[in-house]
Amino acid sequence: MAQETIAGKNVEVDQEGYLINPEEWTKEIAVEIAKDIGIELTDKHFEVIDYLREQHAQGTQLSIRKVGKSGITDIKELYKLFPGGPLKHSSKIAGIPKPSSCV
Amino acid sequence: MNKETNEKPLKKVCIICAKGTIEDVYATLVMANGAVMEGIEAKVFFTFFGLDAITRKQMKKIHTATVGNPAMRMPGGLPFPSILGMLPGVEAGVSAMMKQQMDKLDIPPVDEFLEMITAGGGEIFACKLAMDMFKLEKEDLWEGCSGVLTIGDFYGQCGGENTQIIFT
């Protein structure tokens, strides 16, 4: 666990840079983490991020399949939005813990 | 590059599935899907009984073996007598139970799983030799299949740095 300053805000992150406290998340932080990964966020990205944060707050264990069935995006588009790590990158940007699902 | 170990990350996995039981097919699908989820390229080659997983008629009907499977247990953990596994309907019942458990864990049916893998850029191939053996035609295969290849052609897909071939 470490302190890091992202978008001018001091937040707690784990070794891989995932936020420890989702409450500390802001849109500016999302933009900054996304930039670090190499993704420029659009409204569509934020729709997915909002969904992820909502589901995480409800205690749902997220999977690509769930996001694909959310009605917000399909799996193909999810891969396009977050290349190289559809669930990992989107979770990191959404300020929720690293997904622990194998699917 | 992993900063601590100086290891270069895995770039591609080529997975060969030659068996048609739930556990063999799902091990293959989970590994292939897990790879594309991590940004690792995945190519899957289905051969012999593994072809069931991508044959339209069979892909929804794959079973686990209830006979000759020493790891088989009753719900609750007691050993599963082989003689029970021989009774009609038991294999289907046990397989249905396994699929139900998997669904609870968000593990999709075979066709949906294949779609997830190809949506992520993974590719699915069928073995030409096994297709000839089982008298199957391209039309018998799941529509998302990228092609029918000889093993030589498949090896041709397995080049590149940091590529691994996995046989399930």
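Colleague: Read along the sequence, which pattern does chain A follow?
Modeller: This is a predicted model: local features need pLDDT of at least 70, side-chain atom pairs count only at pLDDT 80 or more, and totals for chains, interfaces and linings use all residues. Residues are numbered from 1 along each chain as its sequence is written, while chains are lettered from A and ligands numbered from 1 in the order in which they are written. Chain A has five helices and two strands, these being DSSP runs numbered from the N terminus (H or I, at least four residues, for helices; E, at least two, for strands). Along the sequence they follow β-β-α-α-α-α-α.

Colleague: What is the radius of gyration of chain A?
Modeller: The globule rule (2.2 Å times the number of residues to the power 0.38, with the radius taken over C-alpha atoms) gives 13 Å for 103 residues. Chain A comes close to that, so it is as compact as a globular protein of that length, with a radius of gyration of 13 Å.

Colleague: Is Ala94(A) buried or exposed?
Modeller: Ala94(A) sits in helix H5 (residues 86-94) of chain A. A residue counts as buried if 20 or more other C-beta atoms, placed from the backbone, lie within 10 Å of its own, as exposed if 12 or fewer do, and as partly exposed in between. Ala94(A) has 27 within 10 Å, so it is buried.

Colleague: Which residues does Ala94(A) touch, not counting residues up to four places away in sequence?
Modeller: Contact here asks for C-beta atoms, placed from the backbone, within 7 Å. Leaving out residues up to four places away, Ala94(A) touches Ile49(A), Leu52(A) and Arg53(A).

Colleague: Moving to chain B, which strands stand at the edges of the sheet?
Modeller: The open sheet of five strands pairs in parallel, in the order E4-E3-E2-E1-E5 (chain B). Each edge strand has a single partner strand, so one side of each is left without a neighbour in the sheet; they are E4 (147-149) and E5 (163-167) of chain B.

Colleague: What angle does the direction of H1(B) make with that of E1(B)?
Modeller: Within the sheet, E2(B) and E3 (residues 123-127) of chain B pair in the parallel sense over four bridges. H1(B) packs on this sheet, touching E1, E2 and E5 of chain B. Axes are lines fitted to C-alpha atoms, for helices over the stretch in contact, and angles run from 0 to 180 degrees between N-to-C directions; H1(B) and E1(B) make about 165°.

Colleague: How far apart are the end C-alpha atoms of H1(B)?
Modeller: The expected span of a helix is 1.5 Å times one less than its number of residues. For the 16 residues of H1(B) that comes to 22 Å, which agrees with the end C-alpha atoms, 22 Å apart.

Colleague: Which element gives the most to the side of chain B that touches chain A?
Modeller: Between the chains, 13 residues of chain B are in contact with 14 residues of chain A. Two elements of chain B give two or more residues to that side, H1 (22-37) and H4 (110-119). With four residues, the one that gives the most is H1(B).

Key
Two residues are in contact if their C-beta atoms, placed from the backbone, lie within 7 Å. Two strands pair if DSSP finds at least two bridges between them.
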